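Work through the two exercises below with the sequence and the coordinates at hand, and compare each step with its worked solution.

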Amino acid sequence: MGREFLDIFTGWAESYDETVAGKDDEYKEVFENYDDMLEKIANLSGTSVLEFGSGTGNLTQKLLAHQRKVFPVEPSKEMTEIAKRKPTLRNQLFIEGDLENFPKPSEEIDTIVSSFVFHHLTEAEKNKVIRMYYNLLPKRGKVIIGDTMFLSHENYELVKKESYDSNKLNLLEDLEREYYPLILDMEVYFREAGFRTKFNQINQFAWIIEAVKN
């Protein structure tokens, strides 16, 4: 369910916004074009959006700026408190939950989104929740995921080696601890669940998946 990483979110909460803004050299390449990625996700979304891993509210703000109705779901109280400090989010309702366990919205949603959170699920959990999301969405509803993904195991191992060689040891620890998906595996999970997919590379680490329900 990804909650085994909750302590990491708690420890990262206060510095997260600075990190995604490129102020932490160790993670600068991971979050290159971060704002552009969130803008693309918001542009691709429909009108009623279930957002997983809302964190400090950066994607939530983008969605609201695009006049979307947003149901943000986040397990970390520390992250949510930072989001609520932002003037544009003071009146926003945040929902306690995670990618698998959450209260269902009281109205139909047409889009499910997440940013830099899907890799906290194991491969079996990824497959399970994608099928769950299929059942939540209407025909032509979307799942849009922005996250760190890799083209192949060889590519993944190369990035880990580069992180080690560059002394980016916190990044290396993340890469070895969490469940970063392969593009081809994600395509299979979505296709078998009943979605058609498009992939858009944002930087060396990050991609956007746009999956549309058939």
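## Exercises with worked solutions

The model is predicted, so that local features need pLDDT of at least 70 and side-chain atom pairs count only at pLDDT 80 or more, while totals for chains, interfaces and linings use all residues. Residues are numbered from 1 along each chain as its sequence is written, and side-chain values use heavy atoms, with hydrogens and water left out.

**Exercise 1.** Determine what share of the accessible surface of the protein chain belongs to carbon and sulfur atoms, and what percentage of its residues is buried.

*Solution.* Begin with the surface: by the Shrake-Rupley method with a 1.4 Å probe, the accessible surface of the protein chain comes to about 10200 Å², and 49% of this belongs to carbon and sulfur atoms. Next, apply the burial cut-off (under 20% relative accessible area, 1.4 Å probe, protein chains only); buried residues then make up 55% of the 214 residues in the protein chain. Finally, for the extent, the C-alpha atoms fill a box of roughly 50 × 40 × 30 Å along the principal axes.

**Exercise 2.** Locate Glu74 in the secondary structure, decide whether Glu74 is buried or exposed, and find which backbone nitrogen its side chain reaches at 2.7 Å.

*Solution.* First, Glu74 is placed in strand β2, which covers residues 69-74, where strands are DSSP runs of E with at least two residues, numbered from the N terminus. Second, Glu74 counts as buried because its relative accessibility is 5%. Third, the side chain of Glu74 reaches the backbone nitrogen of Gly55 at 2.7 Å, and that of Ser54 at 3.3 Å.

Key
Buried means under 20% relative accessible area, exposed over 50%, partly exposed in between (1.4 Å probe, protein chains only). Helices (H or I, at least four residues) and strands (E, at least two) are DSSP runs, numbered from the N terminus. A polar contact is a pair of N or O atoms within 3.5 Å; within protein, one must be able to donate a hydrogen and the other to accept it, and residues adjacent in sequence count only if both atoms are side-chain atoms.
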